[in-house]
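Subject: Structure handover, salt bridges

Hi,

Here is the structure for you to look over. My notes on its salt bridges follow below.

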There are 2 protein chains.
Amino acid sequence: MVRELTPKGSATRQRIIEGAAAEIRELGVVATTLDDVRRRTGTSKSQLFHYFPGGREELLLAVARYEADRVLTDQQPQLGDLTSWRAWEEWREVLVERYRRQGWHCPLSAVVAQLGRSTPGAQAVVTEMLDQWQAEIAEGVRAMQAQHEIDPELDADEAAAALLAGIQGGVMIMLSTGRLTHLEAALDVAIRHLRETSAAGSVRASG
Amino acid sequence: MVRELTPKGSATRQRIIEGAAAEIRELGVVATTLDDVRRRTGTSKSQLFHYFPGGREELLLAVARYEADRVLTDQQPQLGDLTSWRAWEEWREVLVERYRRQGWHCPLSAVVAQLGRSTPGAQAVVTEMLDQWQAEIAEGVRAMQAQHEIDPELDADEAAAALLAGIQGGVMIMLSTGRLTHLEAALDVAIRHLRETSAAGSVRASG
DNA sequence: TCTCGACTGGACTTGCCGGTCCAATTTTAT
DNA sequence: ATAAAATTGGACCGGCAAGTCCAGTCGAGA
């Protein structure tokens with residue numbers, strides 16, 4: 001089952017994944033054919049099936065993994081260090097900027113939408129990504145609670161879940177309408193809400 | 001351009017739309033073929049193209065319109081009458097229940113994901129639906145402001161945008177992971193937040 | 001150098017699916 | 001009743017894209 005790849009082999013494999021991801025970002029999953037990937041990456045049909053014996057579906061899954069990883073790493077180091085309001089604001093900017101640049105096609109959601117129910121693998125990739133994302137946000141909330149900047153009574157996990165939902169919805173709306181306003185509104189309202197709890201429910205640490 | 005349909009004709013046309021919508025809900029857009037629709041609705045190829053000269057794409061667009069309409073009407077009458085906290089809570093229940101029942105495939109997002117950018121029509125359908133949805137929420141916020149139940153300083157449109165994003169994201173996450181928790185968290189956190197503003201920023205109307 | 005297996009090239013097969021066509025049949029209007 | 005228009009049936013076409021096959025080439029170790 002496990003195949004050993006020479007350095008050259010794994011380089012080719014990686015080139016295929018990244019080329020496919022780029023192609024999908026431009027054309028969308030449905031419109032991207034194996035021939036498109038072949039042409040773009042300078043490979044042949046047999047190579048595609050050599051590295052991805054499961055064919056198109058296996059390649060798509062590999063692309064999904066690759067993109068899921070990018071989504072999270074693109075938010076670092078900010079996402080992993082939400083320990084001041086300044087950091088939260090920076091993270092907000094990074095996130096908005098990322099999606100402004102990416103624009104139009106969201107390769108991950110597209111891939112999942114197509115693979116969707118048929119393959120549990122795709123679902124697992126997304127679920128894991130969302131879990132990690134939410135965990136990092138919740139960690140940030142707790143860090144601020146520790147500094148008495150957020151009401152300690154507040155449920156950090158629920159707040160993180162709501163914020164994550166807002167982000168996902170904001171992105172989804174951007175993909176449909178082309179407008180970033182909802183993503184911004186979701187982030188701004190949520191962060192402002194978190195900041196306000198400190199005034200209402202807890203001791204203010206500093207002026 | 002405008003074709004007149006006899007009662008029989010428009011009945012057939014409607015049957016095709018609803019059959020296609022059902023098929024798409026089960027199989028997804030990508031997997032649904034015209035032959036599937038044909039078989040399910042007991043029609044022939046020529047009928048499909050008779051009623052939808054633009055072929056598959058035009059049919060998909062009609063399905064998108066049909067589903068977009070359902071999404072909004074399914075939330076009535078609650079969504080159109082958010083004039084008490086009781087009404088807000090009922091609306092929240094209706095919404096969660098709707099998506100709990102619908103489960104898995106979201107035909108609308110699927111259709112849009114596929115048509116996406118290629119056809120401005122699909123985008124317009126979704127944009128219009130989201131606009132109306134958001135407008136009704138904002139109207140509800142203003143109604144509560146008029147009753148001094150929400151801080152009058154609060155930007156109703158921004159709040160509605162953020163809440164809508166949370167709903168969309170909650171649904172999207174449900175489609176990926178199967179869990180309703182994020183939709184519930186988004187709704188609960190947002191509504192609770194709105195209620196809390198009345199205590200902080202405005203005169204309380206009654207006990 | 002030789003040789004084995006990993007790696008590559010690209011022609012070919014296969015099946016599906018959107019779309020076309022035309023002939024038949026039913027409905028509507030006069 | 002009858003012609004015109006709307007509606008219906010289903011065979012057929014053409015293209016495309018996934019997947020197969022086999023004949024090579026390359027590269028590392030004996």
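B:Glu67 counts as buried, because its relative accessibility is 3% and the cut-off for buried is under 20%. This is a predicted model, so please read every value here as computed. B:Glu67 forms a salt bridge with B:Arg25, with the closest N and O atoms 2.9 Å apart. The two sit in distant parts of the chain, 42 residues apart: B:Glu67 in helix α4 (residues 55–73) of chain B, B:Arg25 in helix α1 of chain B. B:Arg25 is partly exposed, at 29% relative accessibility.

Helix α1 of chain B (residues 7–27) also holds B:Glu23. Its salt-bridge partner is B:Arg40, at 2.5 Å between the closest N and O atoms. B:Arg40 lies in helix α2 (residues 34–41) of chain B, so this pair too links distant parts of the chain, 17 residues apart. B:Glu23 is buried at 9% relative accessibility. B:Arg40 is partly exposed at 39%.

Next, a pair within one helix. B:Asp36 and B:Arg39 form a salt bridge, 3.5 Å from N to O. Both belong to helix α2 of chain B, three residues apart, or about one turn of the helix. B:Asp36 is buried at 13% relative accessibility, whereas B:Arg39 is exposed at 57%.

Chain A has a network. A:Arg92, A:Glu93, A:Glu184 and A:Asp188 are joined into one by salt bridges that share partners.

For the overall count, a search of the whole structure gives 31 salt bridges over all chains.

Best wishes

Note on methods
Residues numbered from 1 in each chain as written. Chains lettered and ligands numbered in written order. Predicted model: local features only at pLDDT ≥ 70, side-chain atom pairs only at ≥ 80, totals over all residues. Heavy atoms only, no water. Salt bridge = Lys/Arg side-chain N within 4 Å of Asp/Glu carboxyl O. Helix = DSSP H or I, 4+ residues; strand = E, 2+ residues; numbered from the N terminus. Buried < 20%, exposed > 50% of the residue type's maximum accessible area, 1.4 Å probe, protein only.
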